[in-house]
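Here is a briefing on one protein structure. Please look over the sequence and the 3D view, then read on.

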Amino acid sequence: MKVDMILVFAIVVGLVAVPYALFIIFGSGNSKKVANQIKEEARQHNLNINQQEKWSSRHIALDSVANKLLFARTENKELIFKHVDLNSISRVAILEHVESKRIDGKTHSTLEKLSLEFISAEHAQTVVLNFYNSETDATQNYEVARATKWKTLIENQLNLGLKKAKAA
C-alpha cells in the first residue's frame, strides 16, 4: 500500500511540476532576448543605465550622467524604443484617463490609460510614454505607483540638472 501511494504521489508531482518547470525555462528565453536588445540599444546610444524597471511589456531606464531616458515596449512581438533627452525637458506630468461607469447603482472608476508626458523647454512637441492602456494590457500592475515613482525620479533629475546649470 505504501509503494502505491508513493507511485501516485510521484505521478501527480510529475504531471504538475515538470510542465511548470518547462514553462518557466522556455518562457524565460523571450525575456532574455528582450533584455539583450535593451542592453544593445543602451550600448549603441552610449547610455550607462543607473536605474531601470520592467513590467508587463514595458521597460524604462535612466542614465543620470547623460541625463537621458530609454523607454521600450513590446508591440506585436516587436520592441519599440523611445529616447528622451532630459536636458530639453522642462517638466513632467502624469496623464490619467479614468472612466466612471455605473454598475448596479454604484459608480465605479476604471483606469483606461496612464502615461508620462514630457513637456519640452523649447515648446516643441511633447513626448508621451504610455505606462498602461486597458485596450492592450489585460491587468493593472501598480502602474499609478510606478508612474508616480518615475515622475519623482525624473523631476529630481531635472532639478539636479538645473542646479548644475546654475552653478556653471
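What does the accessible surface of the protein come to, and what share of that surface belongs to carbon and sulfur atoms? The accessible surface comes to about 11800 Å². Carbon and sulfur atoms account for 57% of that area. The model is a predicted one. Two helices and seven strands make up its secondary structure.

**Overall shape**

- Read along the sequence, the elements follow the pattern α-β-β-β-β-β-β-β-α.
- The radius of gyration is 22 Å, whereas the globule rule gives 15 Å for 168 residues. The value is well over the rule, so the protein is more spread out than a compact globule.
- The C-alpha trace spans about 80 × 50 × 30 Å along the principal axes.
- Of the 168 residues, 27% are buried.
- Take the contacts between residues at least 6 apart in sequence: 43% of these join residues at least 24 apart.

- Four strands form an open sheet, in the order 1-2-3-4. The pairing is antiparallel.
- Strand 1 (51-55) and strand 4 (78-85) are the edge strands. Each of them pairs on one side only.
- Neighbouring strands of this sheet are turned by 10 degrees against each other on average, with direction ignored.
- Strand 3 covers residues 68-75 and runs antiparallel to strand 4. Eight bridges join these two strands.
- T74 has L79, in strand 4, as its bridge partner.

- Strand 5 (residues 89-103) and strand 6 (residues 106-120) run antiparallel. They are joined by 14 bridges.
- H97 has its bridge partner in strand 6, namely K113.

**I94, a residue of strand 5**

- I94 is found in strand 5.
- Is I94 buried, partly exposed or exposed? Its relative accessible area is 29%, so I94 counts as partly exposed.
- Neighbours within four places in sequence aside, I94 is in contact with L114, S115, L116, A147, T148 and K151.
- I94 and K33 are 61 residues apart in sequence. In space, their C-alpha atoms are 30 Å apart.

**Salt bridges within the helices**

- How many salt bridges does the structure hold? There are five.
- E40 pairs with R43 in one of them, and the closest N and O atoms are 2.4 Å apart.
- Both E40 and R43 lie in helix 1 (residues 2-44). They are three residues apart, about one turn of the helix.
- E40 has 33% relative accessibility and so counts as partly exposed. R43 reaches 54%, so R43 counts as exposed.
- E155 forms a salt bridge with K151, with 2.8 Å between the closest N and O atoms.
- Helix 2 holds both E155 and K151, four residues apart, about one turn of the helix.
- E155 is partly exposed, at 28% relative accessibility.

- The side chains of K149 and E53 meet in a salt bridge, at 3.1 Å from N to O.
- This pair links distant parts of the chain. K149 lies in helix 2 (residues 143-167) and E53 in strand 1, 96 residues apart.
- Which class does E53 fall into, and why? Its relative accessibility is 17%, so E53 counts as buried. Buried means under 20%.
- K149 is partly exposed, with a relative accessible area of 41%.
- E53, R146 and K149 are linked in a network of salt bridges.

Definitions and conventions
Residues numbered from 1 in each chain as written. Predicted model: local features only at pLDDT ≥ 70, side-chain atom pairs only at ≥ 80, totals over all residues. Heavy atoms only, no water. Pairing = 2+ DSSP bridges. Axes fitted to C-alpha atoms, helices over the stretch in contact; angles between N-to-C directions. Salt bridge = Lys/Arg side-chain N within 4 Å of Asp/Glu carboxyl O. Buried < 20%, exposed > 50% of the residue type's maximum accessible area, 1.4 Å probe, protein only. Rg over C-alpha atoms; globule rule 2.2 N^0.38 Å. Contact = heavy atoms within 4.5 Å. Areas by Shrake-Rupley, 256 points an atom, 1.4 Å probe, with all protein chains shown as cover.
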